[in-house]
Amino acid sequence: MPNPDIDYARNIEKFEKLVVRNRFQVKYFEKWPTVKRKPIVISEGDSWFDFPVKSLTDVIGVLLRYTIGLKNFGMDSKTNVIDFLSRDKKLDGIFLRLERSGDHASELAAKEADKRCGVWEDKFPSHTLYSALQNTSIQKHLDAIVLSAGGNDMVDAVRHGVIQTYTGDWQTSYDQDLLNMAAQEVVQYYLQAILYRDEFAPQAQIVTHSYAYAVQLHSGTTTEFDFAEAGKLIKELLKLLKVDMILAPLKAIGIDLTDMGDYKIVSKARLHETFDELGWPANPVDEDNPKSGKGVNPERANFIKAMLDTLLKEMQNLPSLYQAQTGKTLERFHYLDVRNQVQDAKYWADFIHLNGDGYKVIAKAFSKKLQELI
């Protein structure tokens, strides 16, 4: 089985070892041709950083890919922004990955995992940015924090009050005040994350992003995986391969194959179902391929763009909010506006996630910015 060369960890202790080893090599063996100072990066976010549930399936994914050919779940497959960014040869960083599909922006400010929104968060809670920043080695050597949050918050708000019964025009069929409030709440969580950075690793750059306009597809799956059958399959596969000893290390990182049947992950991001329920104009259907899901009705598309514009507008208030709270100018914070990027159906996996080609484009934007900063 191939052993992919990946400089990332999902465990704080393992990450610390990678960081300390690199800095030791740089200090004592700096003239060696194979030794270089690598950027130290923490990533925290939602499914754009973790699609499809990669935080819980790395080890299993590699096993499945090289035995029965199941793709997209393994640590050596690239299906989200951080998969591409952590493997970017030009950046060549060491990453601590805290992201979890389904997470809301509140996780940015949480001192302990909220155990609510992320996939399997109730049973296998992830580390938080705050807990990672308590580590003295991470504090000392951290170069950058990359963040992705707010999309789930906005969609949740939209599905629970913002979108209203269609009145004949999209502009009069939603509650702008509620939409603004949802975006303002997201911004407060980002503000707290910045304050954590200031307190524990003030030298670190923070880079985050807007969301690309999701008006390419109106169907497809997000994180709907029933692990009951997968758990049985993997368990039998392990027996067949006579590697039962892998069950213990899997359990140590939070994956109990004997207990997977209790968890069916169903996405809450069914935005177009809400449009349907409230009588918004239907999305187009391709007569030649009715299941393609391509195209979004212009009325829905205009609202989706307004939703993401609202989030960006509120994020632009962060410098003034920061100054009002701290009396200082916000520094080392960078916001990538990618709303108009990847505006072709070929870049999208479903109505809310990009595919590998799309995430590659976004990762390049992050890499370029990080290389400028570090």
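The model is predicted: local features need pLDDT of at least 70, side-chain atom pairs count only at pLDDT 80 or more, and totals for chains, interfaces and linings use all residues. Residues are numbered from 1 along each chain as its sequence is written, and side-chain values use heavy atoms, with hydrogens and water left out.

## Overall make-up

The chain has 15 helices and eight strands. Helices (H or I, at least four residues) and strands (E, at least two) are DSSP runs, numbered from the N terminus. Of the 374 residues in the chain, 54% are buried. Buried means under 20% relative accessible area, exposed means over 50%, and partly exposed lies in between (1.4 Å probe, protein chains only). Among the contacts in the chain with a separation of 6 or more, 76% are between residues 24 or more positions apart; a contact means heavy atoms within 4.5 Å.

## The sheet and its helices

Six strands form an open sheet in the order 1-3-2-4-5-8, with parallel pairing. Strand 1 (8-9) and strand 8 (333-336) stand at the edges with a single partner strand each, so one side of each has no neighbour in the sheet. Two strands count as paired if DSSP finds at least two bridges between them. In general, strands of a sheet pair through backbone hydrogen bonds, either parallel or antiparallel.

Strand 4 (residues 144-148) and strand 5 (residues 205-209) are joined in the parallel sense by three bridges. Here Ile145 stands opposite Ile206, and Val207 is the bridge partner of Val146. Strand 5 also runs parallel to strand 8, with four bridges between them; Ile206 stands opposite Phe333 of strand 8.

Helix 15 (residues 356-373) packs on the sheet and touches strand 4, strand 5 and strand 8. The direction of helix 15 makes about 160 degrees with that of strand 5. Helix 1 (residues 12-28) lies across strand 1, strand 2 (40-45) and strand 3 (94-97), and runs at about 165 degrees to strand 3. For these angles, axes are lines fitted to C-alpha atoms, for helices over the stretch in contact, and the values run from 0 to 180 degrees between N-to-C directions.

## Strand 5 and Thr208

Five of the five residues of strand 5 are buried, so strand 5 is largely enclosed by the rest of the structure. In a regular strand the side chains alternate between the two faces of the sheet. In strand 5, Gln205, Val207 and His209 are on one side and Ile206 and Thr208 on the other, and both faces are covered.

Thr208 has 0% relative accessibility and therefore counts as buried. The side chain of Thr208 reaches the backbone oxygen of Leu147 at 2.8 Å. This is a polar contact, a pair of N or O atoms within 3.5 Å; within protein, one must be able to donate a hydrogen and the other to accept it, and residues adjacent in sequence count only if both atoms are side-chain atoms.

## Aromatic contacts

The structure holds 15 aromatic pairs. Rings of Phe, Tyr and Trp (its six-membered ring) pair if their centres lie within 6.5 Å; planes under 30 degrees apart count as stacked, over 60 as edge-to-face and the rest as tilted. Two of the pairs are tabulated.

| Pair | Centre to centre | Angle between planes | Type |
|---|---|---|---|
| Phe24 and Phe29 | 6.0 Å | 65 degrees | edge-to-face |
| Phe49 and Phe366 | 5.9 Å | 75 degrees | edge-to-face |

Phe49 in helix 2 (residues 47-50) and Phe366 in helix 15 are 317 residues apart, and their pair links distant parts of the chain. Phe49 is buried at 0% relative accessibility, and Phe366 is buried at 1%. Phe24 is partly exposed at 45%, as is Phe29 at 29%.

One aromatic cluster is formed by Tyr166, Trp170, Tyr174, Phe275, Trp280 and Phe303. Charges also sit over rings: Arg97 lies over the face of Tyr8 at 4.9 Å from the ring centre, and Lys305 over the face of Tyr213 at 5.4 Å. The criterion is NZ of Lys or CZ of Arg within 6 Å of the ring centre and within 35 degrees of the ring normal.
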